[in-house]
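This report covers strands, cores and charged side chains. The sequence and structure come first, and the text then goes through selected parts.

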Amino acid sequence: MDRKPRPIVDLTAKCACGAVSLHLRGKVLSMFMCSCEDCQRATGAGHSAVLLAQPADVTISGAVKSFARPANSGAVLTRSFCPECGTPLAAQSSRAPQVLMLPVGLFGAAAADWYAPNQLIFARSHRDWDAIAADLPQHQTYRDEGATM
């Protein structure tokens, strides 16, 4: 699979009720899908579509609530969301505190031109009913050592 370029973006998104806005200005570090059971619960789907960004490139305005819990990996995963409407805004793992995970769907059509996931992580819990492109590299847990993001 060809490696897609990582775009430099300047995007603003709002939660469903408009109480919280998120501004991302900078380089997208990675684009992938995750089928871990936590992402399945968070999205209500078979996987999440995620981009990684540096925390310094993300500004969140408005009141936000967070929930931290141990993930199956042993890391602590903290998810942030709008306390009014529940829209997921960001997540951060204690395993990689230098990056924020942002749900691509939050950006709507603005991500349609450049979002191209390059892998599926936690394929071990992927559900057969959730169609994933056959040529998308899959990792049973986290990305294998040495694999490109």
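## Asp130 and its surroundings

Asp130 touches Ser35, Gly46 and His47, leaving out residues up to four places away in sequence; contact here means heavy atoms within 4.5 Å. Asp130 belongs to the segment after strand E10 (120-121). Helices (H or I, at least four residues) and strands (E, at least two) are DSSP runs, numbered from the N terminus. Asp130 is buried yet has no salt bridge, where buried means under 20% relative accessible area, exposed over 50%, and partly exposed in between (1.4 Å probe, protein chains only). A salt bridge requires a side-chain nitrogen of Lys or Arg within 4 Å of a carboxyl oxygen of Asp or Glu. For Asp130, the nearest side chain of opposite charge is Arg127, 8.5 Å away; Lys and Arg count as positive and Asp and Glu as negative, while His and the chain ends are not counted.

## Basis of the model

This is a predicted model, in which local features need pLDDT of at least 70 and side-chain atom pairs count only at pLDDT 80 or more, while totals for chains, interfaces and linings use all residues. Residues are numbered from 1 along each chain as its sequence is written, and side-chain values use heavy atoms, with hydrogens and water left out.

## Asp57

Asp57 is placed in the loop between E4 and E5. Apart from neighbours within four places in sequence, Asp57 is in contact with His23, Leu24, Arg25, Gly26 and Lys27.

## The three-stranded sheet

Strands E1, E2 and E5 form an open sheet of 3 strands in the order E1-E2-E5, with antiparallel pairing. Two strands pair if DSSP finds at least two bridges between them. Strand E1 (8-14) and strand E5 (58-61) are the edge strands, each pairing on one side only. From one strand to the next, the twist averages 5 degrees, with axes taken as lines fitted to C-alpha atoms (for helices over the stretch in contact) and angles running from 0 to 180 degrees between N-to-C directions.

Strand E2 (residues 21-27) is joined to E5 by 4 bridges, and the two run antiparallel. Within this pairing, His23 stands opposite Thr59 in E5.

## The E7-E8 hairpin

Strand E7 (residues 76-81) and E8 run antiparallel and are joined by 5 bridges. The two form a hairpin with 6 residues between them, and Gly86 in the turn has a positive phi of about 85 degrees. Arg79 has Ala91 in E8 as its bridge partner.

## Nonpolar cores

The largest nonpolar core has 28 residues. Such a core is a set of buried Ala, Val, Leu, Ile, Met, Phe, Trp, Tyr and Cys residues joined through side-chain atoms within 4.5 Å. Leu24, Leu51, Leu102, Phe107 and Trp114 have the most contacts inside this largest core. Two or more residues each come from E1, E2, strand E3 (30-34), strand E4 (48-53), strand E8 (88-93) and strand E9 (100-103). E1 gives the most, with 3 residues.

Phe107 touches Leu11, Ala13, Leu22, Leu24, Leu51 and Leu102, not counting residues up to four places away in sequence. A second, separate core has 11 residues, among them Cys39, Val50, Val99 and Ile121.

## Salt bridges

The whole structure contains 4 salt bridges. One of them pairs Arg25 with Asp10, with the closest N and O atoms 3.5 Å apart. Arg25 is in strand E2 and Asp10 in strand E1, so this pair ties together parts 15 residues apart in sequence. Arg25 is exposed at 54% relative accessibility, and Asp10 is partly exposed at 47%.

Arg127 and Glu37 also meet in a salt bridge (3.2 Å, N to O). Arg127 lies in the segment after E10 and Glu37 in helix H1 (residues 37-43), so the pair ties together parts that are 90 residues apart in sequence. Both are partly exposed: Arg127 at 28% and Glu37 at 34%. Arg79 forms a salt bridge with Asp38, the closest N and O atoms being 2.8 Å apart. This pair links strand E7, which holds Arg79, to helix H1, which holds Asp38, and so ties together parts 41 residues apart in sequence. Arg79 is partly exposed at 24%, whereas Asp38 is buried at 11%. Salt bridges that share partners join Asp38, Arg69 and Arg79 into one network.
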